[in-house]
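Here are my notes on this one, point by point. Keep the viewer open while you read.

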Amino acid sequence: MVKIVIMCDVPKEKQEEFLKLSREGTKPYMEKHGVISYDVWKTDEEGWPGFIKEMYVKDVAAAQEIFKIRATVPEAKDLVDRWEGMTEGLKLRIYKLMT
């Protein structure tokens, strides 16, 4: 199992649009294309990224396929570009399950 974590901030005026796109666009698309689960978390705690997106995929090959789709499939590229266009300070981490 592989966990993909994306941390970012979203300006207040874009948060509703950001969450709607995540819920109605990105989540269903990713779950159709190999993502086991897709969740977006929010904190109001200052000094931390405002949002964390977690995606779980089967293995490293599945994670690589997700990033390949993002770069080569126009529908995926559009969704991710729109999503990223609302974010600031984007950070990506990939974790492999070890137990």
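Predicted model: local features only at pLDDT ≥ 70, side-chain atom pairs only at ≥ 80, totals over all residues.

1. E2 and E3 pair in antiparallel fashion, with seven bridges between them.

2. Val 5 has Glu 54 in E3 as its bridge partner. How enclosed is E3? Largely, by the rest of the structure, because five of its seven residues are buried, where buried means under 20% relative accessible area.

3. E1 also pairs with E4, again antiparallel and over seven bridges. Look for Lys 3 here: its bridge partner in E4 is Tyr 95.

4. Put together, that gives an open sheet of four strands in the order E2-E3-E1-E4, with antiparallel pairing. Which strands stand at the edges? E2 and E4 (88-96) do; each has a single partner strand, so one side of each is left without a neighbour in the sheet. From one strand to the next, the twist averages 15 degrees.

5. H1 lies across E1, E2 and E3, and runs at about 170 degrees to E2.

6. The largest nonpolar core has 23 residues, and those touching the most other members are Ile 4, Phe 18, Met 30, Val 35, Met 55, Val 57 and Trp 83. Where does this core come from? At least two residues each are supplied by strand E1 (2-9), helix H1 (15-32), strand E2 (35-42), strand E3 (51-57), helix H2 (60-72) and helix H3 (74-84).

7. Setting aside neighbours within four places in sequence, Phe 18 is in contact with Cys 8, Val 10, Val 40, Phe 51, Trp 83, Met 86 and Thr 87.

8. Next, the largest pocket, with a volume of about 170 Å³. Its lining consists of Ile 6, Met 30, Lys 53, Met 55, Ile 66, Phe 67, Arg 70, Val 80, Trp 83, Glu 84, Leu 90 and Leu 92. E3, H2, H3 and E4 are the elements that give two or more residues to this lining.

9. A few loop and end residues to check. Trp 48 is found in the loop between E2 and E3. Is Trp 48 buried or exposed? Exposed, with a relative accessible area of 58%. Leaving out residues up to four places away in sequence, Trp 48 touches Asp 9 and Thr 43. Trp 48 and Met 7 are 41 residues apart in sequence, with their C-alpha atoms 9.1 Å apart in space.

10. Asp 59 sits in the loop between E3 and H2. At 30% relative accessibility, Asp 59 counts as partly exposed. C-alpha to C-alpha, Asp 59 is 15 Å from Met 30, and the two are 29 residues apart in sequence.

11. Finally, Leu 97, in the segment after E4. Leu 97 counts as exposed, at 53% relative accessibility. Leu 97 and Val 2 are 95 residues apart in sequence, yet 6.0 Å apart in space, C-alpha to C-alpha.

How values were computed: Residues numbered from 1 in each chain as written. Heavy atoms only, no water. Core = buried A, V, L, I, M, F, W, Y, C linked by side-chain atoms within 4.5 Å. Buried < 20%, exposed > 50% of the residue type's maximum accessible area, 1.4 Å probe, protein only. Contact = heavy atoms within 4.5 Å. Pairing = 2+ DSSP bridges. Axes fitted to C-alpha atoms, helices over the stretch in contact; angles between N-to-C directions. 1 Å grid on protein atoms, 1.4 Å probe; cavity = no way out; pocket = protein on both sides within 12 Å on 5 of 7 lines; lining within 4 Å. Points joined across faces, edges and corners; volume = space filled by probe spheres on them.
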